[in-house]
Amino acid sequence: MSQSRYEYDENSETWPYFALTAILVPLIPSTISIISSLFKKSNKSHKSSFSPYNANYLQSFRNSQNRSKLFNLKTVLTIFGWILISGLLYIISNTETILSENHFDPWKILEISENATEKIIKTAYRKLSLKYHPDKVDTSSMTQEEIDSVDAAYVLINKAYKALTDETVRENFLKYGNPDGPVEIKHGIALPHFLIEGAFSPFLVVIYIAFIAIVLPLLVSNWWNGVKSTTKNGTHVTTADHFMKLLINASPTHVLLVDDIIKQVSHSVEYLNINTALTPDTVYNLIVSYINRETCKDENLRLNVVAITPKLLSSFLEIAAAFKNTDYCLKIVDAHRSIIQALNIEKDAKHFTFKEILQLPGVDVSKIDTNQSILTLGKLLKNKTVTPEKFLNKDKVDTIINYSKKIPIIEPIECKFKVPGEDHLPPMSAAHVSLKFLIKSPAHKGKPDFKSFKKDVINNQFKEEQSMDNLKDPMRVVNLQPNVELLSIPPYFPDTSYIEQNSGWIALLVSQRDNKIIEAPKILNKADLSNINLTQDEFMESKCNISTFKIQLSTPTPKEVGVYHFRLILRNLTYFGSDIDIPVVMNVEDKPIEKSKVDVYGIEDPDEDSIAGAMAQLRGESVKRVEFKNEYESSDDEDDEDNDDIVSWTDIDTDTEVEEDAVDSK
Amino acid sequence: MTILPITYNTTSKSISTDNTQLETEITQLNSLYSSFISLNSDIPPPPSPTSFTKELSLEIKKLHETGQGLLRQNRFNEAFTAFTRGLELAKSRSSFEPFQGSLPEFLVCLMGRCDASMAMKNYQMALQDSEVLILLGATIPDNHLRHGTAQLHCGLIREAVASFQRGISIKGDHPLLRGAFARATVLLQLENGDL
């Protein structure tokens, strides 16, 4: 070991750079994510004047959530990382770089600047060679050592001069940094000598073994266990398995209720992470008491249970959609909104019929006037039979009205199947459903006339630009739109960040024939919400923006030409009363590609009997017919004529017979 | 046998349980067994037209006709009972008879009963029947008309519009469906305060 030819990093020149890179690679992304999350939070602060019965608990839940978001291991590690970086930078700035002895700098040797002309180089060389030439220097009073150094200096001056003037030497210098040509490459270790060969070397070996034999296998096995125990969307496999079993055994005759869904989701093992003592029954009771808006002994536990339920419902929905079960999916969405709004729509008939009104914060079930048929947000805001004050039996309704005005409603303009670059749907083509819609407020009446839209809205938002980017990726238009950001946040649900991240509509594409889901559900979460703030006049004059939503079909259009009927169901994940259900028709046509009339290159069709002709026929292109004469030709022709005659004759005959029959019957 | 929550009766070959989900499956299994025992053969007959009891068909047809006649005379209550009896007869067939034959009989009786409930303004009953009709005969446009009408009267306007649209997708020129759809759309707009 002691005879090692390696150079060690005794002056700490190299290892700080390695360490700097190794730390910065993970540190920069984590810092960016922390900073961006800080900014996101500071942008929004929802203050609602309405405070639910459990407002104190909700506030403490949200605060602890925010705190845990700020002061977690990630933040601590990131701060520690930056401290390390500053330490390393200090070390680097205090280390002088010592160049090795054989570092060759011809300009420095000749004592000239790097951009000196040839003339200056020559003069400098002459001057120095006169000074150091072994014949010119008086060596009588020098030691052998001094004489050698003078000799070496003279050799160096010669080398430097050649490096700057001689072609080959110059090339060597430029290529290898040395006028003598390539030198032996030296390997170094970016660690100080004492760590490898000193008393610390066993320590390093232990670290090395620990990393290879313990840490690495541990990390891999941990990762693999994580992969095994959770599904792609983060649900525990046991929970996913439970949902699958439910759907396999789903009976089509059983009328599904939100209550069933809550009962089924309460068996998820995720609840055990909150408290290992939780049984499915307790979870079910907690959720039901929450949607009934009843007080609870252990409010914190209940909020924790409720907070993770919508996420479980989303994965339940995904599994239900994989089973193509529309009824299950729709009921799961209902359960999802029931939990977000803390509203038990199945409690009684009143809760079910007035669900759109009851979801508004501050509306009291016992106080509303059930004799009025104000069942929807639209009716409450537009064509009310009584004043909202009287209907809701409340003094101040401004906040409720403002809240309901900001609930986004979808107004469809056009919904059809499209194939990029085609004006019809060819068989076996990659089509997508394209929905053009307006987001409006429930207070907006009707929808603006199509003609009244602004020209650039029609040209850019309604008709998509036929650019290469849009044709290649039809989803691009959708992804360029802003995210749906809710202006009215439901007050009861504890985890507001979940609502913000999962606001929008779930879109199910369903076959009209058998009511089965034909495409994995997609979330409509990108749309232009600016229309909500328009006044009714502005809305009708159409200062609106049109938004787009698309679902790319994973399977190509059918082989057979025909009309196929589907339904696009959009269900809002947060609010009741913002759903749409529209039919979409897939009209598969096989229009032949029109041949260009003018042949640009003037190439004739290949002959029928040539190889090119045979290939063209295989491709379905036209070929030049070859006159083919043989001895049977004449007889064939006669036969054809005969057949023609018979056919036409029989046609006439049957016609007359029918007519005669008709006459007879009269 | 204490592993499963079931008990087995050796003479009637039936099993029973306390578990509700299991119970439905067991009832189905038991009914299959009882009809198999009554067949008195080693294996169930193949599902062919010959193994289909035609006497029962005649009776069902008769009951259906009676029901239709009563409907026309506006005697809805009696029509309802006639159709229900027809349905019970259709259900009472041995489970091993081909359902290809029994399904249409069951469907026509159920359609009649649904119409009778609707005429009696018992829309909840009609809604239940129409849901089954949609499950069994989704390609019959009239079933969607029944389903939608029942939904409309139960206050499910949005769902009714979707039902009518589904019917129209099967038969575009159905005048009743078109009319019902137009009316439901207006109702929906009224409900939303747009009109």
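The entries below go from domains to the interface, then to salt bridges and one glutamine.

**Entry 1: domains of chain A**

I noted at the start that this is a predicted model.

What is the helix and strand content of residues 105-177 of chain A? I read 71% helix and 0% strand, with the end C-alpha atoms 9 Å apart.

**Entry 2: domains of chain B**

Chain B gave me two domains, domain 1 (53-120) and domain 2 (128-195). Their centres, again over C-alpha atoms, are 24 Å apart. Domain 1 of chain B brings ten residues to the contact and domain 2 of chain B brings eleven.

I looked up the buried area for this pair of domains: about 880 Å², with 75% of it on carbon and sulfur atoms. On the polar side, I found two salt bridges across the interface of domain 1 and domain 2 of chain B, along with two residue pairs in polar contact. I also wrote down the salt bridge of R113(B) with D129(B), where the closest N and O atoms are 3.0 Å apart.

Next I turned to the contact between the chains. How much area do chain B and chain A bury between them? The value is about 1700 Å², and 46% of it lies on carbon and sulfur atoms. R158(B), R166(B) and E191(B) supply 30% of the area that chain B buries against chain A, more than any other three residues. I counted partners too: chain A gives 23 residues to the contact and chain B gives 16.

For the polar part of this interface, I noted nine residue pairs in polar contact. I then looked at which elements of chain B are involved, and those giving two or more residues to the side that touches chain A are α7 (157-170) and α8 (175-191). The largest share, five residues, comes from α7(B).

The salt-bridge count between chain B and chain A is one. I also recorded K382(A) and D194(B), whose side chains meet in a salt bridge at 2.6 Å, N to O.

A search of the whole structure gave me 19 salt bridges over all chains. I picked a few in chain A to look at by eye.

I started with E414(A) and K418(A), which form a salt bridge with their closest N and O atoms 3.9 Å apart. K418(A) counts as partly exposed, because its relative accessibility is 23%.

Then I looked at E464(A) and K550(A), whose side chains meet in a salt bridge at 2.8 Å, N to O. E464(A) lies in the loop between α21 (455-462) and α22 (468-472) of chain A and K550(A) in strand β7 (residues 547-552), so the pair ties together parts that are 86 residues apart in sequence. Is K550(A) buried or exposed? K550(A) is buried, because its relative accessible area is 1%.

My last pair was D579(A) and R571(A), joined by a salt bridge at 4.0 Å, N to O. Both of these residues are buried. They belong to a network of salt bridges that also links K331(A), D334(A) and R337(A).

**Entry 3: a look at Q512(A)**

I finished on Q512(A), in the loop between β5 (505-511) and β6 (522-524) of chain A. Q512(A) counts as buried because its relative accessibility is 1%. Which residues is Q512(A) in contact with, leaving aside its neighbours within four places in sequence? From chain A I listed H565(A), F566(A), R567(A) and P583(A), and from chain B Q165(B), R166(B) and S169(B). The side chain of Q512(A) also makes a polar contact with the side chain of R567(A), at 3.5 Å.

Conventions
Residues are numbered from 1 along each chain as its sequence is written. Chains are lettered from A and ligands numbered from 1 in the order in which they are written. This is a predicted model: local features need pLDDT of at least 70, side-chain atom pairs count only at pLDDT 80 or more; totals for chains, interfaces and linings use all residues. Side-chain values use heavy atoms; hydrogens and water are left out. Helices (H or I, at least four residues) and strands (E, at least two) are DSSP runs, numbered from the N terminus. Buried means under 20% relative accessible area, exposed over 50%, partly exposed in between (1.4 Å probe, protein chains only). A polar contact is a pair of N or O atoms within 3.5 Å; within protein, one must be able to donate a hydrogen and the other to accept it, and residues adjacent in sequence count only if both atoms are side-chain atoms. Contact means heavy atoms within 4.5 Å. Buried area is the accessible area (1.4 Å probe) that two parts lose on being put together, summed over both. Domain bounds come from an automatic or database domain assignment.
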